[in-house]
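Subject: Structure handover

Dear colleague,

Please find the structure below. My notes on it follow.

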Amino acid sequence: MKIAKVTVIVDSRYGSTLALAKAIADGAQAEGAHVRLRRVAIQEPEFSVDTKRADFIAAQQEYRELPKACADDLVWADGIIWGSPTRYGLMSTPLRSFIDEIAPLWREGALIGKVGAVFTSTGGMHSGNEMTLLSLMLPFLQHGMILCGVPHSEPALIQTRKGGSPYGASAVTGFDGSLGVDEIELTIASTLGARVARLARQVEAEPASVELAAALAQ
Ligand SMILES: Cc1cc2nc3c(=O)[nH]c(=O)nc-3n(C[C@H](O)[C@H](O)[C@H](O)COP(=O)(O)O)c2cc1C
């Protein structure tokens, strides 16, 4: 049977989105997938966060050791899962910058037919968690990818009192981060990774030049 290749791309400052990314990667690996866990570029100075917080310092030691994502990580993969902390109800700027950088892949149609899924972490319960998940999906559709969520056959989706939704993996950490990421949120994240790996085994990418299509349409 085909071995799925899954790339997980994460932005994280205080470590909660990183914790979800690692659970997603573990879930995909448990399904036999080859997994690349990657970070996005670090934008300095870190003016939007409290760099003196202990969780920031601990998370950044781990985060900065991850390899930086590049276009090849997406071309290589059958399944792509990306996520960031929520910023004003949207994805973070560093992840958005990475998505802008991969415009050549859109022109080549290089991601058409691959499987995509998303994750995020928010401070609040009702301040952008699901909206960020939905908006993280839009670039995948622009790239012609197939979206994957989490079905309610996963019991943790019914048990959760914080993050995790049919739209993707998520955490609700509290506005000072004190709620952290709980086991139920990690279970949902792992289920998402496993599901992407299973689906990615079954699909064939359909690379097709968007530029050529535009020329033919003239
Ligand atoms: C500039 C900024 C904007 C934020 N905007 C939101 C927001 O719109 N909604 C929300 O619930 N949390 C918001 N937060 C909180 C983060 O999303 C939350 O702390 C998240 O869990 C951090 O993820 P991380 O631990 O991976 O860095 C914001 C934080 C910062 C620094």
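**Strand pairing**

Strands S4 and S6 pair in the parallel sense over four bridges. Pairing here requires at least two bridges found by DSSP between two strands. Strands (E, at least two residues) and helices (H or I, at least four residues) are DSSP runs, numbered from the N terminus.

Before the rest, a note on the source. This is a predicted model: local features need pLDDT of at least 70, side-chain atom pairs count only at pLDDT 80 or more, and totals for chains, interfaces and linings use all residues. Residues are numbered from 1 along each chain as its sequence is written.

A residue counts as buried if 20 or more other C-beta atoms lie within 10 Å of its own, as exposed if 12 or fewer do, and as partly exposed in between, with C-beta atoms placed from the backbone. In a regular strand the side chains alternate between the two faces of the sheet.

S4 also pairs with S3, in the parallel sense and over seven bridges. The bridge partner of Ile80 in S4 is Gly116. S3 in turn pairs with strand S1 (residues 5–10), again in the parallel sense, over five bridges. Ile9 stands opposite Trp82 in S3. Seven of the seven residues of S3 (residues 79–85) are buried, so this strand is largely enclosed by the rest of the structure.

**The chain as a whole**

The protein chain has nine helices and six strands. Its C-alpha trace spans about 55 × 40 × 30 Å along the principal axes. For 218 residues, a compact globule would have a radius of gyration near 17 Å, and the value for the protein chain, 17 Å, agrees. That radius is taken over C-alpha atoms, and the globule rule is 2.2 Å times the number of residues to the power 0.38.

Of the 218 residues, 44% count as buried. Among contacts with a separation of 6 or more, 81% are between residues 24 or more positions apart. Two residues are in contact if their C-beta atoms, placed from the backbone, lie within 7 Å.

Helix H8 (residues 183–202) has 20 residues and reaches 29 Å from its first C-alpha to its last, close to the 28 Å expected at 1.5 Å a residue. The expected span is 1.5 Å times one less than the number of residues. Since 14 of the 20 residues of H8 are buried, the helix is largely enclosed by the rest of the structure.

Ala200 is found in H8 and counts as buried, with 28 C-beta neighbours inside 10 Å. The C-alpha atoms of Ala200 and Ala4 are separated by 5.7 Å, although the two residues are 196 apart along the chain. Leaving aside neighbours within four places in sequence, Ala200 is in contact with Ala4, Val6, Asp78, Gly79 and Val115.

**Thr7**

Thr7 is in strand S1. Thr7 is buried, with 24 other C-beta atoms within 10 Å. Beyond its neighbours within four places in sequence, Thr7 is in contact with Arg36, Arg38, Asp73, Leu74, Trp76, Ala77 and Ile80.

**Around the ligand**

There are 22 residues around the ligand, of which Ser12, Tyr14, Thr17, Pro85 and Thr122 come nearest. The elements that give two or more residues to this shell are helix H1 (16–30) and strand S4 (115–122). H1 gives the most, with three residues.

By class, the shell has five nonpolar, 15 polar and two charged residues. Ala, Val, Leu, Ile, Met, Phe, Trp, Tyr, Cys and Pro count as nonpolar, Asp, Glu, Lys and Arg as charged, and the others, Gly among them, as polar.

**Backbone points to check**

Most residues other than glycine have a negative phi, and most peptide bonds are trans. A cis peptide bond joins Glu44 and Pro45, with omega about 5 degrees. Pro45 lies in the loop between strand S2 (34–39) and helix H2 (54–63).

Tyr88 has a positive phi, near 55 degrees, and is a residue other than glycine. Tyr88 is in the loop between S3 and helix H4 (93–101), and is exposed, with 9 other C-beta atoms within 10 Å.

Regards

Technical notes:
Near = placed C-beta within 6 Å.
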